[in-house]
Structure formats: C-alpha cells, structure tokens
Amino acid sequence: MAEFLTLQEAVSRHIHDGDTVCMEGFTHLIPFAAGHEVIRQEKRDLTLVRMTPDLIYDQMIGAGCAKKLIFSWGGNPGVGSLHRLRDAVEKGWPNKLEILEHSHAAMACAYEAGAAGLPLAILRGYVGSDLPKVNDQIKFIECPFSGERLAAVPSIRPDVAVIHAQRADRKGNVLVEGIIGIQKEVVLAAKRSIVTVEEVVDDLNAGVNACVLPSWAITSIVVAPRGASPSYALGYYDRDNAFYKEWDGIARDRETFQAWLKENVFEKGAA
Amino acid sequence: MSDFTSAEMMSVTAARALTNDMTCFVGIGVPSEAANLARLTHAPDVTLIYESGTLQTKPDVLPLSIGDGELCESALTTVSVPEMFRYWLQGGHVSVGFLGTAQLDRYANINTTLIGDYLEPQVRLPGGGGAPEIGTNAQEVFITVKQSKRTFVKDVDFITTVGFGRDGKARDNVPNIGRGPTVVITDLCILKPDPDTKELVVTSLHPGVTREQVIDATGWEIRFAEQLAVTPAPSARELEVLRDLKARTDAHHAAQQ
C-alpha cells in the first residue's frame, strides 16, 4: 500500500545521490514541487530521464543535481531553448552533463517495455536518422518472422518515478486525467515511486476506464497543491504560459538564474 | 503592393496543402497555425492530432505547447503517449505529418538537433521529439519553414529526421514506411522533390517573389521547375480567419499574465 508522506520525507527517503530518476508528465502534470524539493535537498549525480526535460530539468540541471540526461526533446515548448541545459552541454556549467538522446516514439516504447517487465522495446523507428550514430543505446534487429529491420532500445527501469496527479483517495489509489502522457508506464516501470497529488478525496469518482493507479502499485503519496505549476493540472489550474515565456529571460543568465533559485526554491522551503 | 505579409503567405499556402479527408499529425509553430487555419476555412473536417495524445482536436486558440489544456478539452479523446506513437502513428492511421525545422537540405532532410559538431555544438537545438518517426511513419510529410541561407543548407549538419538521406535514396527498398516529404512551403515559394533524384525543386513562386530572391535565400544551387507557377495570393477570407485566430490566441495568452 502507498504510504502518505510529506514531500520532504518522500524525497529524502526515496531519492538518493546517483539514482536514475524519471520525473514525468507530458507538458501536463509536471511534478515541479517534487523537483524543487530535490534541488533543496541538494541531490547529486542523478541520471535524469524525461521525454521533454522542460523547465523542471532545466532548473535541476542548473542547480547541479544531474550528471546525465536521457531525453527526446529538450526545448522550452513554444518559446525556444532551455538555457541551463544548453549551458551544461555547451559549457559544462555548473558541471559537465552527459546526454543520451532519443526520439519520443522510442522513449514512449521504452517506458512501456519497462512497465511490461521486458528488457527492450522494438519500434519501426530511427529510419535514416543520425541519432543511432550518437546514441549507442539504439540498435537494430531483424524480425524473426518477417525479416524486417526494426529499431531496438533498452527499456527504461528507473530507481524512482515521480509524477503528479489530480487526486488520491484515502487508501492511496490515484486518478490521472487529461493528457495522461506516460504517467502509468513510468510508475509501473520504476523500483520506487512518489506521486504528488492536488488533493485527497473520499471517492475518486473515476469512470470505469479511467487511468487509475492502485495504491499497491505506488510507493508513496504526497499532497502538494499546485504541485505541477507552472505546468498545469486539468480541472485545477491552467498552464502558466506567461511564466514559460518569462523563464527564457531568467534562465539565459547564470546570476539571474541563481537569484531566482535562491528566492523561489531555497528560501520558500517545502510545502 | 501586397496587403499581406510573407509569414501570412506561408501560413495560408501551408494550410491549403491540407484537405478535409486528411488525418494530420501536427507539429507546434507554423504547422499548428496552418493546420488550424485549414480547419477553420476550406477543411472543416480535417483530423488534427498532436503528439501529447489528443486525437481529433479543435482548439479555439493556438496552443503554446504541444500539450496545452485547450488541445485536450477540445479533442474527441485523449490517449496515452505510447498509444499515440504505437497505435495511431506507427499503426498507419496518420496520412500527413506536418513538420517545421531549423535546418533543411536539398534532399529535404530535417535537422532540429544542433548546428556544428555533435560533441561540441555551436548551437544546441531541442532535438527530435516526435519528428523522426512522424517523418517515416506518416504516409507523407509536409514541411514548412522560413527560407534563408541559414535554414536552407546544402547538407544538414545532422539528420534528425530523414527526408531522402544524403544521396536521395534513403527510402529506397525500406518496407512499411511513408513516401516522405512531398511538399516544402516557405515564405518565398513552394518546393517539391524531383520524382527521380528527390532533390527539392521550386515549383511555385509566391506573388511578387523573384527567382533571385529564392537563389539568395538558398544554400545550394537551387533548381526551378520548367513550368514555374505563381502561388495564388491569400483570399480576404483566409487572411481574416488567420488574423482572427492569431488575435484570439494573443489575447488568450496575454490574459493569463
């Protein structure tokens, strides 16, 4: 059964230096509150995995939490670059960052394979792309039935999955609604999981085919209202598109970024 | 003198490439603007899909990101990301992939990864996202990009998403993939791959654009079709709908600040 913890407890207990951590949420339900707690607890040498690093990993990379990033699209959606990610890749600031780059399809398949307990994912992918030349985790295999050449990537089976969801019931069953991304897959693929939620309710009121994660499939649950902001939680609050635009200016400069981090992450403390 | 901008010309021309019976996997930026313009003008029943899992979506304003709430709330249904890429794209249900790019070369290869060397990039770009598989698993691909010597290069620094490869032959004898790029729409002209060599050829110049302008904005010796057309100018209605859409979008995003 999932254990209800504070954010401070959950991050302290389940995320260790050197872990492989997936903090997922495809544009929607990005677990920012948990990311900020990881920054506050000064976790180091993490291998961060996420399809779209987004602002959450830009902040964590800039804060020095990461040694490696596995991703498939590293921009600020609709705005431009992730400047902290670029600074780490191009200039090694605040530390050198190793990157391993995939396509969305490959990462989605790799999460699904991880959830399915398989060692690899197979897809009709990377045809003609240079990505296999720079990522040794992309291989090609021959289908034993048709002979077709298909791409293979290792499944993603992280130490820790962190996601945000709309709500949990008192037993710790969790409902995810809207753009569900790969929330279910990443939790099932991981050894341990932290699910932050907007609120705890008596009854999830979930439809019969809703995306529900049972309590016994989750390690810990944390109540973190607005825990996905500046991304959004459908039914609770909108994406703060203005902040995504503003981030471009904040992240462009190391000093501005550090001042932002100090004021908005370190001095604010855990919720 | 024209009463429309070259950016509007590009969006309207790109929108016209879509028809009512298409199922279009939409990239963010100009492709999203063009696809929604098509839906609001000549192709009301065109099916738009965004990689966040939103199937058959009809946003009232253009999303800033691929996963804005607007896309989900106006969609017929929203599926998981693995389902989107495996069943709907790889499964063969997408007729057109509509992509933008940072760099494009003469064989319509797309580079959204980096400028320079992979290990020591001059400029690091966001990367592939959905494009590498959209480019091969959609039945065909439309590309739209602003044309300049910086974007239109002879050979891209990195093939993120294959057009026709370094020699024009990358798709030859590869089973179960789409036809690849069939049209490139820029702010200056329309280009199509030569049926044999697959090298991009200018087939239509936008109104008022000269061959010299196109040559000056292209990083290789660009060829022009023998029958060179002039792209029809945007109609008053197309411009009105596009400007309304953009004004609505700006007002929506500004109201959030």
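The C-alpha centres of domain 1 of chain A and domain 2 of chain A lie 25 Å apart. Domain bounds here come from an automatic or database domain assignment, and they give domain 1 as 3–101 + 157–266 and domain 2 as 104–154. Before going on, please note that this is a predicted model, in which local features need pLDDT of at least 70, side-chain atom pairs count only at pLDDT 80 or more, and totals for chains, interfaces and linings use all residues. Residues are numbered from 1 along each chain as its sequence is written, while chains are lettered from A and ligands numbered from 1 in the order in which they are written.

## Between the domains of chain A

Where the domains meet, 11 residues of domain 1 of chain A are in contact with 11 residues of domain 2 of chain A (contact means that C-beta atoms, placed from the backbone, lie within 7 Å). On the domain 1 side, strand E7 (98–101) and helix H7 (183–189) of chain A each supply at least two residues. Helices (H or I, at least four residues) and strands (E, at least two) are DSSP runs, numbered from the N terminus. The largest share of that side, 4 residues, comes from H7(A). By class, the domain 1 side has 7 nonpolar, 1 polar and 3 charged residues; Ala, Val, Leu, Ile, Met, Phe, Trp, Tyr, Cys and Pro count as nonpolar, Asp, Glu, Lys and Arg as charged, and the others, Gly among them, as polar.

## A sheet in chain A

Chain A has an open sheet of 3 strands in the order E8-E10-E9, with antiparallel pairing. Two strands pair if DSSP finds at least two bridges between them. Strand E8 (120–123) and strand E9 (139–142) of chain A are at the edges with a single partner strand each, so one side of each has no neighbour in the sheet. On average, neighbouring strands of this sheet are turned by 40° against each other, direction ignored. For such angles, axes are lines fitted to C-alpha atoms (for helices over the stretch in contact), and values run from 0 to 180 degrees between N-to-C directions.

E9(A) is joined by 4 bridges to strand E10 (residues 149–154) of chain A, and the two run antiparallel. Within this pair, Glu142(A) stands opposite Arg149(A) in E10(A). H5(A) packs on the sheet and touches E8 and E10 of chain A, its direction making about 140° with that of E8(A).

## Where the chains touch

The contact between the chains takes 45 residues from chain A and 44 residues from chain B. On the chain A side, helix H4 (83–91), helix H5 (104–115), helix H6 (131–134) and helix H8 (241–252) each supply at least two residues. H5(A) gives the largest share of that side, 6 residues. The chain A side divides into 20 nonpolar, 14 polar and 11 charged residues.

## Sheet and helices in chain B

In chain B, 10 strands form an open sheet in the order E4-E3-E2-E1-E5-E10-E11-E12-E13-E14, and the pairing is mixed. Strand E4 (75–78) and strand E14 (223–230) of chain B stand at the edges with a single partner strand each, so one side of each is left without a neighbour in the sheet. Neighbouring strands here are turned by 20° against each other on average, direction ignored.

Strand E5 (residues 96–99) and strand E10 (residues 140–144) of chain B run parallel and are joined by 4 bridges. Leu99(B) has Ile143(B) in E10(B) as its bridge partner. H2(B) packs on the sheet, touching strand E1 (23–26), strand E2 (47–50), E5 and E10 of chain B, and its direction makes about 150° with that of E1(B).

The axes of helix H2 (residues 30–40) and helix H7 (residues 236–255) of chain B come within 10 Å and cross at roughly 125°. That makes H2(B) oblique to H7(B) (angles under 35 degrees count as roughly parallel, over 145 as roughly antiparallel, 65 to 115 as roughly perpendicular and the rest as oblique). Asn36(B), Leu37(B) and Leu40(B) of H2(B) make the contact with Val241(B), Leu242(B) and Leu245(B) of H7(B). By class, this contact has 5 nonpolar, 1 polar and no charged residues.

## Backbone details

| Peptide bond | Omega |
|---|---|
| Trp93(A) to Pro94(A), cis | near 0° |
| Ser229(A) to Pro230(A), cis | near 15° |

Pro94(A) is in the loop between H4 and E7 of chain A, and Pro230(A) is in the loop between strand E15 (220–223) and H8 of chain A. In chain B, Asn173(B) has a positive phi of about 65° although it is not a glycine. Asn173(B) lies in the loop between E10 and strand E11 (181–185) of chain B.

Terms used
Two residues are in contact if their C-beta atoms, placed from the backbone, lie within 7 Å.
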